Amino acid sequence: MRSPLGSRSRSVARQVFVLQVAIVVLLAAGALLALVLQSRHDVDREARNRSVAVAQTFAHSLGLPGALKSPKPTTVLQPLAERTRKEAGVDFIVVMDTHGIRYTHPQPDRIGKRFVGTIAPSLAGHTYTESVDGPLGKEIQAVVPVTGPDGKVVGLVSAGLTVKNVTGVVHRQLPVILFSIAATLALATAGTALISRRLNRQTHGLGPLEMTRMYEHHDAVLHAVREGVLIIDGDGRLLLANDEAKRLLGLPEDADGRHIGDVPGLDHRMAELLLSGRVATDEVLESGDRLLVVNQRRTHPRGRADGGTAVTIRDSTEMQVLTSRADTARRRLKLLYDAGGDIGTTLDVVRTAEELADVAVPRFADYATVDLAEAVLDGDEPGPGADMRRTAVSGIRSDHPLYPRGLLIDFLPSTPQARGYGTGKAELVPDLSADPGWLAQDPERTRAIIDYGIHSLIAAPLTARGVVLGVVNFWRSRKPEPFDEDDLSLAVELVARAAVSMDNARRYTREHALAVTLQRSLLPRALPEQSAVDVAHFYLPAQSGVGGDWFDVIPLPGCRVALVVGDVVGHGLHAAATMGRLRTAVHNFSSLDLAPDEILARLDDLVQRIDHDDEGGDATGSVIGATCLYAIYDPVSRRCTMARAGHLPPLVSAPDGTTEIVDLPAGPPLGLGGMPFETAELDLAEGSRIVLYTDGLVEERGRDIGEGLELLRTALAAADGDPRQTCKDVLDLVLPLRPADDVALLVARTRTLGADRVAEWDVPFEASAVGQIRGRAARTLDAWGLADLGFATELILSELVTNALRHGTAPVRVRLLHDHGLTCEVWDGSSTAPHLRYAATTDEGGRGLFLVAQLSEHWGTRYTPEGKVIWAELAPPGAGEPAEPDPSAFLDADPL
């Protein structure tokens, strides 16, 4: 028997008590030191604050600046400073001039001497505090500037306390602090004694050695048995779990002490049983991949519910076969369930094949490859033959010797893949090394596959609606047992589910390709030749399906150019076809040489007629929404006129990089009708960039359209002046990663037609002016090197000017433009439209416009707010037409 006294002196409670008392003493000493230091810091800070307050109060006294300027400042300030010092409770108040010479001091013999301290910050207008060795000893002082009415520093005031007075306050506080520490130490010691007494009862007075021996015996018993043991308290908290219990239940190492409901990895059925606290005898539960037999009893002798439970668990080895079969069935069902959600997430053939391969590896096969007929990748139905392209490869390792992805494979008729593709039935090859038909496909590669460890194969054809799209190959290498009939049935079911998604993706690919082909055939393949602007463009169909975005660059008479961008709501063939109709209409309306607002008005009427024609018929032909922006740029006047119908506003960047969003009236979308369209005119410097775009460029999920416009403006401002580089810079910064809509971008850099290529004259309203105009035109053509066009030009101008004088009104002007060819323009104030007619042989007139049409490549009329312009374009010499017309062809023309 052990001695009670001896065991008590060596008990854990006694040792813990001594340790806790030592810790409390150390904490009390640390607290005392911290309180003393904090008190000193607080008193020092209070001294500095009081010094600043007293000095600032005295410095802001109303009469202080005047007293400083008096003949004897000391006589006035010394009594005032001493009285204020005593009332404020500071040790000194010193008033000095800007050189630091004292006017006041508690010790009169110090007056007139230089102040001890730093005055430079205060001379700069700042309050400054410091600790110095002054006349009164160690001092804490504040120096404050005294400013005059003009804001200049006219003197300084210093106030402060001596350190001995400051530390005296701290010393007076020490008894209180020491008493508080002593009381706290006494209370902590008493609490420690109570805790140690309770610990002594719980440990039954055992010493560390005895407790260690008891724990070793307890640990040996728990960890030696091959049965799981759990102890749970009445609150459902896990108190103990031996190694076997953690292994069987998959518990983490830190599970002890957690509530049963919070233990990760614990099966919910097992958790429900453990939390219930009920008595269980040989109850079988499935936990993870095990079937466990559980016994549970209450730990309290009388079976009270608050006493907790003790649980024993053993693995039911006799039911392992049943467990394995149930687990296999569950995993197969879960694989098929997951395949339904993971395969076919997109309408992309290649992506669907990759998803099928990824689902099968590693849960069903170690490697999976998908071989599709070449036609399937293009969206077409495959024909006979076994030529297939490897579309997807997935495996547990990447160094396998299987055919790589993207390779076109011609399977021999003896291979399982060719047989499955031809019959539509899955092929099972338990042992690849014993299948001569497969070995003959590629002897070198097949030998490498076998040496790699791949030993079994299932080739399942992808069949949808009776059409075989390809073959899915499942390969096994890691498991030594080959595929069996159960695996074959699972592979057939898995591939059958994936085949529907694959066929849907194939059909979508075909429709998408048709829509893209139609759309690209309707978009401009090459921009027309013109010299008004340098143009770069970009078009990208949406990944979800092509839409109705379009752009155009249309040359106009007078060296002008029209820039167009539009958008039809929706995707697919209908949107692409509607876009083609609208684009053709814009070209036709542009040939009439109308203003932008008139173009949009006519286009709006056309859309309304299309919708009206489709009412009562097939509604798929109606235009459910369309927008358009139409701009005309004139390189002679450098003026750009534009209008928009529900479209996003254009951006204009000046040559110096200044970029702005044009404030252009929006106008309603096409087809609404009832509201006019408004135009805006801009004068653009040469080299300015005009940017037209569709909403697919700036709209993105998670990004507001305003943010997209600002991002586009920033990108344009930072981009290079070259249109192609501008396109690239804008797309790099603004283009969404996966555009939800078509993206069209048109960047045009303006050019000008110099004054040396423009000739313009006002024509007097009299018949004699025709000869003068011919002479001026001849001299101008000689200067431009176009003398070969002289005869035709003079004849055209004679006819047009004569018609303007006879049938038009003043003012009349003539303009010649030398660009790629020669353009003749005659302006007059009449709106009467000229008509081309064929005169009879006996008619004396009526051949003027006929001659103009014969001599020129193109001619026409456009109307202006002041009247009209009749223009004619002539090709330059050597452009494929005779340089000089034969005069005999016009012998029957009217004399000029």
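This is a predicted model: local features need pLDDT of at least 70, side-chain atom pairs count only at pLDDT 80 or more; totals for chains, interfaces and linings use all residues.
Residues are numbered from 1 along each chain as its sequence is written, and side-chain values use heavy atoms, with hydrogens and water left out.

**Overall picture.** I looked up the secondary structure and found 24 helices and 30 strands in the protein chain (DSSP runs numbered from the N terminus: helices are H or I with at least four residues, strands E with at least two). Next came contacts (heavy atoms within 4.5 Å): among those between residues at least 6 apart in sequence, 60% join residues at least 24 apart.

**Aromatic rings.** How many aromatic pairs does a search of the whole structure find? I got 4, with rings of Phe, Tyr and Trp (its six-membered ring) paired if their centres lie within 6.5 Å; planes under 30 degrees apart count as stacked, over 60 as edge-to-face and the rest as tilted. Trp438 and Trp475 have ring centres 6.2 Å apart and planes at 55 degrees, so I logged the pair as tilted. Trp438 sits in helix H14 (residues 436-439) and Trp475 in strand S15 (residues 467-476), so the pair ties together parts 37 residues apart in sequence. Trp438 is buried at 3% relative accessible area, and Trp475 also counts as buried, at 3%. I also noted one aromatic cluster formed by Phe364, Phe474 and Phe483.

Then I checked Trp827: the charged end of Arg813 sits over its ring, 4.4 Å from the centre (the rule asks for NZ of Lys or CZ of Arg within 6 Å of the ring centre and within 35 degrees of the ring normal).

**Asn295.** I found Asn295 in strand S8 (residues 290-298), buried at 14% relative accessible area. A polar atom of its side chain lies 2.9 Å from the backbone nitrogen of Asp282. Leaving out residues up to four places away in sequence, Asn295 touches several residues, among them Asp282, Val311 and Arg314.

**Thr780.** My last stop was Thr780 in helix H22 (residues 769-784). Is Thr780 buried or exposed? Thr780 counts as buried, at 14% relative accessibility. Its side chain reaches the backbone oxygen of Arg776 at 2.9 Å. Beyond residues up to four places away in sequence, Thr780 touches Ala759 and Trp761.

Note on methods. Buried means under 20% relative accessible area, exposed over 50%, partly exposed in between (1.4 Å probe, protein chains only). A polar contact is a pair of N or O atoms within 3.5 Å; within protein, one must be able to donate a hydrogen and the other to accept it, and residues adjacent in sequence count only if both atoms are side-chain atoms.
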